Amino acid sequence: MLLRSVPFYEEMQRMIAEMAADFAVDGTSIYDLGCSTGNTLLNLAPRISQKVKFVGLDNSEEMLKRCRHKLAEQRFTREHELICADLNQGVPVENASVVLMVLTLQFIRPLYRDRVMAQILAGLNDNGCLILVEKVLGEDSLFNRLFIKYYYDFKKRNGYSEMEIAQKREALENVLIPYKLMENRELLLRSGFRYCDVFFKWYNFCGLIAVK
Ligand SMILES: C[S@@+](CC[C@H](N)C(=O)[O-])C[C@H]1O[C@@H](n2cnc3c(N)ncnc32)[C@H](O)[C@@H]1O
């Protein structure tokens, strides 16, 4: 589904694995916060040393069930753990060299986003990185309107009907709360990350990498 609804999803996944491979350190863990059905964990596996533990976290038991099933199907035998937890309540990250949040921070209540970042930073080892992919707002309302239009055109090209697009928009209202790219960048820097850069941008989607 994400292939049809997220632009350049496959290329972003490839880039995430490429960057994660450069930051992952033996004897530490990689966390995928909001791991859903495990796409990112599976995609990372061939590129990362067996001495790095994989931890997937999601607040949906149903997603984790599907994730477990997919990992078993693909004979995912490396050391890993799947945790059911709500990031609004706290982020159980420790001894991490890489933390991933792929289209997940946007679902965290804005009130808690600074705390989530502070807890990720605390659980990351020095020189560890956070890779963040988010849907974002345009920097002003003109671009925002245009970017949303281009995004819906992208979904239509991928076979979604007007009705499906409208239903999804309604379902996500007040649930998916995007920040602007610059607001996400400021959040990372204010939380104490030393460096932050944009590795992906397509209209209202962006990818950021930040280093502790
Ligand atoms: C768009 S999906 C993530 C996709 C996934 N990272 C990938 O690339 O395949 C967002 C995920 O975040 C999870 N999620 C939303 N709010 C959450 C929260 N408060 N705590 C933990 N997980 C949450 C959802 O259950 C969902 O699986």
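The legends below describe close-up views of a predicted model. Local features need pLDDT of at least 70 and side-chain atom pairs count only at pLDDT 80 or more, while totals for chains, interfaces and linings use all residues. Residues are numbered from 1 along each chain as its sequence is written, and side-chain values use heavy atoms, leaving out hydrogens and water.

View 1. S5 lies in helix α1, residues 2-5, where a helix is a DSSP run of H or I with at least four residues, numbered from the N terminus. With 8% relative accessibility, S5 counts as buried (under 20% relative accessible area, with exposed over 50% and partly exposed in between, using a 1.4 Å probe and protein chains only). Not counting residues up to four places away in sequence, S5 touches Y151, F154, K155, Y160 and F205, contact meaning heavy atoms within 4.5 Å.

**View 2. The stacked pair F143 and F147.** The ring centres of F143 and F147 are 6.0 Å apart and their planes meet at 20°, so the pair is stacked (rings of Phe, Tyr and Trp, the last by its six-membered ring, pair if their centres lie within 6.5 Å, and planes under 30 degrees apart count as stacked, over 60 as edge-to-face and the rest as tilted). F143 is partly exposed at 39% relative accessible area, whereas F147 is buried at 16%.

**View 3. Charges over Y160.** R4 lies over the face of Y160, 4.2 Å from the ring centre, and the charged end of K155 sits over the ring of Y160 at 4.9 Å from its centre (NZ of Lys or CZ of Arg within 6 Å of the ring centre and within 35 degrees of the ring normal).

Methods
Helix = DSSP H or I, 4+ residues; strand = E, 2+ residues; numbered from the N terminus.
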